[in-house]
Amino acid sequence: MAPEQRIKSFEEALLSLDRVAARAALNLASDEEDSLKFLEGIVVPALESIGKGWEEGRTSLAQVYMAGRITEELMDELLPFRGVPTDRAQVAIAVLEDYHLLGKRLVCSVLRSAGFHLADYGRMNVDDLVERVKADNIRILLISALMLPSALRVKGVRKGLARAGADVKIVVGGAPFRFDDQLWTEVGADATSSTASGAIHVVQGMRRELI
Amino acid sequence: MKPGKMTSMQRVLTTLSHGEPDRVPLFLAATLHGARELGLTLGDYFSDSRNVAEGQLRLRAKYDHDFLCAAFYGALDAEAWGAEVIYRDDGPPNSGAPLLRKPEDIRGLTAPRVSETPCLLKVLKTIELLKSRVETEVPIVGVVISPFSLPVMQLGFDAYIELIYERPQLFWRLMQLNKAFATEWANAQLAAGATAICYFDPVSSPTIVPRDTFLKTGFEVAKEVIGAIEGPTATHLASGRSLAILDDLVLTGTSMVGVSCEENLAELKTAASQKLTILGNLNGIEMRRWTPHEAEMQVKRAIAQAGGGGGFVLGDNHGEIPWQVEDEVLFAIREAVHRWGEYPLNWVKDEQ
Ligand code: B12
């Protein structure tokens, strides 16, 4: 099967929540040279396309979520030892002062499927997050927020990190940032994306810069 | 009828029957701003029915809008089932950790009774107080979180999506309980004096589930519950998209739909083709940094796109104005509705 065709059938299988077809579309041959690269070449464009579909109103969040979950499961099954960090550009993700964890879960799921290793801090307040990021020497911090007041708290994280002398790139996302496309700059973030899969591209770019 | 002579109730009823009232009705869902008006923290404000009634009446006097909103906050419907509610000073309270730790917990779940649930009784008392003050002059809106959307707070969003697709039996058992609750809760609000019920159902939006899933789930649930609610309803998708399911929403029996700023209002109005009144679609999050001039331009745009022929209520696109939105913007919205919203909307044709 040609790569484009494979990506397309993988995407279609995910959108109809068909695990068996999704696995078949990946169809990892045992003699594949670099299986991680090979799988990512299918999985990443498919997830990005589903994310883009959501942004444009063609797919739903339930599909985005189920696609991420199925992909993550398949990657774990096919390549159980992938994702070991090989560089010092440490990445972490947190939900800021919010009780809504789905955005973070979606981002984790796509990044892991794309072969990234990232620390999941769960739910955090501003001070604890700053401290933890500094202690763990994190260079790229992803923050997910669903409520507007939580999104506005990113300002505090930016200030706290500056005060602590930590050189950290902040990537924000979640509904408030989708509904106000200026909010991410206002709170002092370095980047945003209106979809979870958009994080792949952003983090890739930042890592290249940092390493 | 002469311009300026209608009560809010007449204005709203006229637009709902797809006629042109004296001006476009305005729905400012400032559910939180009442606390600021009374100088209270949000926790104190929501602790007493009288505060909310007084706050809403003062806001109406101030912003001159056409509805009284008796809703406290979305997490209240989960609180009724025993969920924890966590307050903050700068925004609406949220539900905490999901009440159900795993899907199997649905088996042992029973629905709360309205008459035995203090947080619900508090809202009913607010409705009674409002009703005693405005009688039939101003519509009073009650809110229920739909049986199909409530499980996000009962179970958590990820677990709920999995439940819909992978555990149909447990899903339908939960729907059974939630339907009974939502119906009783909506009817209690109507009995207390609410004019209409806002059926909050964002999970049914194509933003959240595909239409084919919706037709098998949220649609069936809505048809049944809206059919059993003994008064008019408005369906709100909380800024989720609606265009792809507008025709389906008509079949649920609802009269109005709250629409998203992510979709074109003119297109939605055309698609509603006199079967649904459109409510929207000011972007509440962006509103936080609007200047009064931008607010006016947004109001003007919305009225130009959807005001003609009635069947339109101007409001934000989510059903709640964020705490961070300042008075000068809300005043500008009020002024702009008076300036641009008076029927007939001759200026719309002139500008085209
Ligand atoms: C469904 C829904 C509900 C449901 C379920 C909510 C829930 N999760 O608990 C119900 C009806 C219960 C509800 C209630 C409320 N809601 Co509501 N709701 C929505 C809706 C339609 C979807 C929310 C959702 O969970 N989406 C799923 C998440 C994952 O989507 P997302 O954050 O956009 O994330 C995507 C991207 O942004 C990206 N992403 C996410 N994080 C990150 C991070 C990074 C680094 C990157 C790169 C990308 C990324 O990935 C995701 C997928 O691609 C939105 C409006 C909308 N159109 O989105 C409002 C919305 C979230 N609700 C809102 C509010 C305010 C509330 C209430 C507080 C209202 C009230 N007064 O009570 C309550 C709170 C309920 C509670 N839990 O206590 C506001 C929040 C913003 C604000 N104004 O503060 C929104 C945005 C509506 C609006 N336009 O204002 N709601």
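A: Strand β1 (residues 26-27) of chain B is joined by 2 bridges to β10(B), and the two run parallel; strands are DSSP runs of E of at least two residues, helices runs of H or I of at least four, both numbered from the N terminus, and two strands pair if DSSP finds at least two bridges between them. Here Phe27(B) stands opposite Gly315(B) of β10(B). This is a predicted model, in which local features need pLDDT of at least 70 and side-chain atom pairs count only at pLDDT 80 or more, while totals for chains, interfaces and linings use all residues. Residues are numbered from 1 along each chain as its sequence is written, chains are lettered from A and ligands numbered from 1 in the order in which they are written, and side-chain values use heavy atoms, with hydrogens and water left out.

Strand β9 (residues 277-282) of chain B also pairs with β10(B), in the parallel sense and over 5 bridges. Within this pairing, Leu282(B) has Asp316(B) as its bridge partner. Because 5 of the 5 residues of β10(B) (residues 312-316) are buried, the strand is largely enclosed by the rest of the structure; buried means under 20% relative accessible area, exposed over 50% and partly exposed in between, with a 1.4 Å probe and protein chains only.

Leu314(B) is, with Phe10(A) and Ile333(B), among the residues with the most contacts inside the largest nonpolar core, which has 169 residues. Such a core is a set of buried Ala, Val, Leu, Ile, Met, Phe, Trp, Tyr and Cys residues joined through side-chain atoms within 4.5 Å. Helix α9 (residues 168-192) of chain B gives the most to this core, with 12 residues. Leaving aside residues up to four places away in sequence, Ile333(B) touches Leu26(B), Leu282(B), Met287(B), Ala295(B), Val299(B) and Leu314(B), contact meaning heavy atoms within 4.5 Å.

The ligand site is shared between chains, because residues from chains A and B surround the ligand. Of the 42 residues around the ligand, Ser144(A), Leu148(A), Gly74(B), Ser95(B) and Glu320(B) come nearest, a residue being near if one of its heavy atoms lies within 4 Å. A polar side-chain atom of His100(A) lies 3.0 Å from a ligand nitrogen atom, and an N or O atom in the side chain of Arg178(A) is 2.9 Å from a ligand oxygen atom.

Terms used: A polar contact is a pair of N or O atoms within 3.5 Å; within protein, one must be able to donate a hydrogen and the other to accept it, and residues adjacent in sequence count only if both atoms are side-chain atoms.
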